[in-house]
Amino acid sequence: MTSQGQATTLARVDAEDAAAAGSNANAAHFVFVPLREQGHLIPAVDTALLLASHGAVCTIVGPPSTAALVRPTVDSAQRSGLQVRLAEFPLDYAASGLPEGADAGDSIPPEHMWSYYRAMALLREPIEIYLRAAHAAPYPTCVVSDFIHPWTTELAANLGVPRLSFFSMCAFGLLCHHNLERFNAWDGVEDPNAPVVVPGLERRFVVTRAQAPGFFRGIPIPCWQEFADYIERARAEADGVIMNTFEEMEPEYVAGYAAARNMKVWTVGPVATYHQTRTTLASTLASRGLRACAVDADECIRWLDGQAPGSVVYVSFGSISRAEPKQVVELGLGLEASGHPFIWVLRNAGDYDEATRAFLGELEARVAGRGLLVRGWAPQLLVLSHDAVGGFVTHCGWNSTLEAVAAGLPVVTWPHFTDQFLNEKLAVEVLGIGVSVGVTEPLTFQAVKKEIVVGREVVEDAVRSVMGAGEEAEERRRRARALAAKARAAAEVGGSSHTNLLDLVKRFQPGAARGAAVSQM
């Protein structure tokens, strides 16, 4: 383990380089403590970029494994003149019980998550020492922490600055989770698949405990229950909330969550618009995606250019979930039978057995010119923004859902775990832009292993429903286009998200932050 002094020195390298570009003593200085998982990390970094583009100083802190993912983005931002810094701190593997290097892969193995969170909490002291040092000037004015880092409550308190919880999810889902717990909706409910009406909402939404267990509430291990309580206390004690959503999409749920928590909520999304307003999408794919794409962006554009407008369906299940071999076959055959051109992203495709890999090769040969299989990461923002794309088969992760909204695309919803089921309800039941494949139980992180396969006929019908020419499909597309227009307006000067970003930068300037009333406005 590297000592605290060495950790501070390691962190100083990036900070001194950034300081050479100059810093503004009167600027708000936001310290971002993101979660490493892609669905949390990408929007947190994008939010830091947006705040920096409005004059703030932003320091992103984390272990080397996180820094390695973020560094290309920070380097690019610094070259464009933004005051975004990166400070990295080695994890204490021995003290936390985390196997050395366990955080170096695509994601933290589930069996090591508890130790990883403990290791992250041990970074509080070296981060605090670093932020107090003169080379980190200006002095921080606000800590912006992923809600899964409750230890940042103590970090912010010791620094004497406010702390905001960062959520890479929608207000609808957060309010549902809050009300289910607040009103003890699960009391006496033994069956995890028993339907329960979400209390405290004007509209009627039915969920199951398997779909909405609460954050870390579904793990029957005492340490995780204690961690869930710790997270809840930290959320309740926060000085405000930043969300990657926009007010016009879910106004009643943004207001409802602010009222339920009795704190100010800043909606700043869709934060991915940073890459569309600052420069072209194609030139920012590598840095924003935080991963090397398995297909060349220019090759992808050329393939899409050869397809009719609105004809292509894009298929991706995000950075965590992975379809079982039987499901791969059914999904592939359903896409083929739909008759629509498609781009299908298969994460870790090389890990499938020989029979599944052979099936994919045969499918690829049959649909040559009409189907593009991407084995690895794809330039998703670029794909979704192309005129040839007309629909998105998604796992309903919030980043993907919001990117579909921003692109004006209807979705086929295929949730895999927890908040994805609530995101599906927002897309299908609230916004009216989605068609469900009918999955009602978790496919990933199952408490008890269970085979759940969506058949090829269901896939075919869902794709044709979203991509079809009937009045229902056209109305779905009209609603999606209208939401995209609202998303663009929110991000433009005078829009709700733009205004909230400016308010954050002003409210947390030196002096203003100490006496700022960050209660609900």
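# Salt bridges, loops and sheet

Student: How far apart are the closest N and O atoms in the salt bridge that E451 forms with K326?

Tutor: A salt bridge is a side-chain nitrogen of Lys or Arg within 4 Å of a carboxyl oxygen of Asp or Glu. E451 forms one with K326, and their closest N and O atoms are separated by 3.3 Å.

Student: How many residues apart in sequence are the parts this pair ties together?

Tutor: Helices (H or I, at least four residues) and strands (E, at least two) are DSSP runs, numbered from the N terminus. E451 lies in the loop between β15 (434-436) and α19 (456-467), while K326 is in helix α14 (residues 325-338). The bridge therefore ties together parts whose separation in sequence is 125 residues.

Student: What kind of model is this, and what is its mean pLDDT?

Tutor: It is a predicted model: local features need pLDDT of at least 70, side-chain atom pairs count only at pLDDT 80 or more, and totals for chains, interfaces and linings use all residues. Residues are numbered from 1 along each chain as its sequence is written, and side-chain values use heavy atoms, with hydrogens and water left out. pLDDT is the predictor's confidence in each residue, from 0 to 100. Here 90% of the residues reach 70 or more, and the mean is 89.

Student: Over which residues does pLDDT stay under 50?

Tutor: Where pLDDT is low, the predicted coordinates should not be read in detail. A contact means heavy atoms within 4.5 Å. One stretch under 50 has 23 contacts beyond four places in sequence: residues 279-289. Another has 10 such contacts: residues 513-517.

Student: Is E451 buried or exposed?

Tutor: Buried means under 20% relative accessible area, exposed over 50%, partly exposed in between (1.4 Å probe, protein chains only). E451 has 60%, so E451 is exposed.

Student: How many salt bridges are there by this rule?

Tutor: One of them joins K450 and E441, with closest N and O atoms 2.9 Å apart. K450 is partly exposed at 42%. By this rule the count of salt bridges is 23.

Student: With which residue does E474 form a salt bridge?

Tutor: E474 is partly exposed at 23% relative accessibility. The closest N and O atoms are 2.9 Å apart, and the partner is R481.

Student: Which residues do salt bridges with shared partners join into one network?

Tutor: Shared partners link individual salt bridges here. The network is made of R124, E128, R132 and E154.

Student: How many disulfides does the structure hold?

Tutor: A disulfide is a pair of cysteine sulfur atoms within 2.5 Å. The number in this structure is zero. For C176, the nearest cysteine sulfur is that of C170, at a distance of 8.0 Å. C176 has 1% relative accessibility and counts as buried, so the count of disulfides stays at zero.

Student: Where does the cis peptide bond between A137 and P138 lie, and what is its omega?

Tutor: P138 sits in the loop between α6 (124-132) and β4 (142-146). The cis bond joins A137 to P138, with omega about 0°.

Student: What is omega for the cis peptide bond between G269 and P270?

Tutor: P270 is in the loop between β9 (265-267) and α11 (274-277). The bond from G269 to P270 is cis, with omega about -5°.

Student: What is phi of F216?

Tutor: F216 lies in the loop between β7 (206-207) and α9 (222-237). F216 is buried, with a relative accessible area of 17%. It is not a glycine, yet its phi is positive, about 65°.

Student: In what order do the seven strands of the open sheet run?

Tutor: Two strands pair if DSSP finds at least two bridges between them. β4 and β5 (residues 163-167) pair over four bridges. Edge strands β3 (84-88) and β9 each pair on one side only. The pairing in the sheet is parallel, and the order is β3-β2-β1-β4-β5-β8-β9.

Student: What angle does the direction of helix α21 make with that of β9?

Tutor: Axes are lines fitted to C-alpha atoms, for helices over the stretch in contact, and angles run from 0 to 180 degrees between N-to-C directions. Helix α21 (residues 496-507) packs on the sheet and touches β1 (29-33), β5, β8 (241-243) and β9. With the direction of β9, the helix makes about 130°.
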